[in-house]
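Let's take a walk through this one together. Have the sequence and the coordinates open side by side, and follow along as we go.

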Amino acid sequence: MSYLVNALSFLVELAFGAAAALFVLRLLAEASRVDFHNPLSQFVYRTTNPVLAPIRRLLPNWRRINIAALLVVWLLMLIKRIVLFALLGLFPHVLGLLVLSIADTLDFIAMFYVVLIFIWSLMSLFQVESYHPVYRLAGSLVAPLMRPLRGKLTAGGLDFAPWVVMIVLILARLLLVSPLTDLGARLALGL
């Protein structure tokens with residue numbers, strides 16, 4: 001039975017992760033002001049707009065942060081947690097679920113950035129054409145995180161800024177998100 005639960009949990013994580021990735025892309029694209037003429041940007045906009053347009057009427061952007069997209073990501077993480085607990089036959093407390101979904105949202109965004117910076121670094125290492133849509137989108141999304149360190153951590157023609165940013169993001173996951181996840185799990189299970 002646990003093999004089936006593991007397989008179903010994997011599929012749930014995959015489905016909710018794919019949906020959340022689209023909305024995180026939309027959130028980060030608007031915050032970073034990426035080029036809308038990029039075909040990937042247009043795909044993300046067209047895919048997420050039917051869900052976000054009605055919510056944005058009630059929750060407008062705050063500065064450059066799309067609150068509606070952030071809310072949808074959080075709701076996806078909340079529903080994912082509910083489904084995962086249901087697969088295990090557990091009925092968690094609501095406060096624990098809320099805290100866990102906040103931790104999941106922060107964790108997802110941090111890991112999304114780690115993967116994005118890694119992909120962007122690999123693409124720049126292999127000298128992908130600068131007009132490639134994936135390279136342009138990834139470069140625009142990581143630029144706000146890389147800007148403070150740009151050109152300050154170079155040695156021998158290598159820029160170590162992406163490594164430092166990835167290390168900081170992973171440390172944030174370990175030092176901020178993990179305790180929040182532990183707190184949420186204790187609250188959810190009533191420990």
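Predicted model: local features only at pLDDT ≥ 70, side-chain atom pairs only at ≥ 80, totals over all residues.

**A guided walk through the fold**

Start at Leu-158, which sits in strand S2 (residues 158-159). With a relative accessible area of 46%, Leu-158 is partly exposed; buried means under 20%, exposed over 50%, and partly exposed anything in between, using a 1.4 Å probe and protein chains only.

Residues are numbered from 1 along each chain as its sequence is written, and side-chain values use heavy atoms, with hydrogens and water left out.

Now zoom out. The chain has six helices and two strands, and reading along the sequence gives the pattern α-α-α-α-α-β-β-α. The C-alpha trace spans about 55 × 40 × 35 Å along its principal axes. Of the 191 residues in the chain, 35% are buried.

What holds the largest nonpolar core, and which residues have the most contacts inside it? That core has 39 residues, and Val-24, Phe-108, Phe-112 and Leu-141 are the ones with the most contacts within it. A nonpolar core here is a set of buried Ala, Val, Leu, Ile, Met, Phe, Trp, Tyr and Cys residues joined through side-chain atoms within 4.5 Å. At least two of the core's residues come from each of helix H1 (2-32), helix H2 (39-58), helix H3 (67-87), H4, helix H5 (133-146) and H6. H1 gives the most, with ten residues. As background, nonpolar side chains tend to be buried together in soluble globular proteins.

Helix H4 (residues 94-125) and helix H6 (residues 161-189) pack with their axes 8 Å apart, at an angle of about 165 degrees. The axes are lines fitted to C-alpha atoms, for helices over the stretch in contact, and the angles run from 0 to 180 degrees between N-to-C directions. H4 and H6 are therefore roughly antiparallel (over 145 degrees; under 35 is roughly parallel, 65 to 115 roughly perpendicular, and the rest oblique). By class, the contact between H4 and H6 has 25 nonpolar, four polar and two charged residues. In that sorting, Ala, Val, Leu, Ile, Met, Phe, Trp, Tyr, Cys and Pro count as nonpolar, Asp, Glu, Lys and Arg as charged, and the others, Gly among them, as polar.

On to the aromatics. Rings of Phe, Tyr and Trp (its six-membered ring) pair if their centres lie within 6.5 Å, with planes under 30 degrees apart counted as stacked, over 60 as edge-to-face and the rest as tilted. By this rule there are three aromatic pairs. One of them joins Phe-36 and Tyr-45, whose ring centres are 5.6 Å apart and whose planes stand at 90 degrees, so the pair is edge-to-face. Phe-36 is partly exposed at 44% relative accessible area, and Tyr-45 is partly exposed too, at 35%. Another pair, Phe-108 with Phe-112, is stacked, at 6.3 Å centre to centre and 25 degrees between the planes. Both residues lie in helix H4, four residues apart, about one turn of the helix. Phe-112 counts as buried, at 15% relative accessibility.

The loops have something to show as well. Most residues other than glycine have a negative phi. Arg-33, in the loop between H1 and H2, has a positive phi of about 55 degrees although it is not a glycine. Arg-33 is exposed, with 62% relative accessible area. In the loop between H2 and H3 you'll find Arg-63, with a positive phi near 55 degrees. Arg-63 counts as exposed, at 72% relative accessibility.

Finish at Gly-190, in the segment after H6. Gly-190 is partly exposed, with a relative accessible area of 49%. Its C-alpha is 38 Å from that of Val-164, 26 residues away along the chain.
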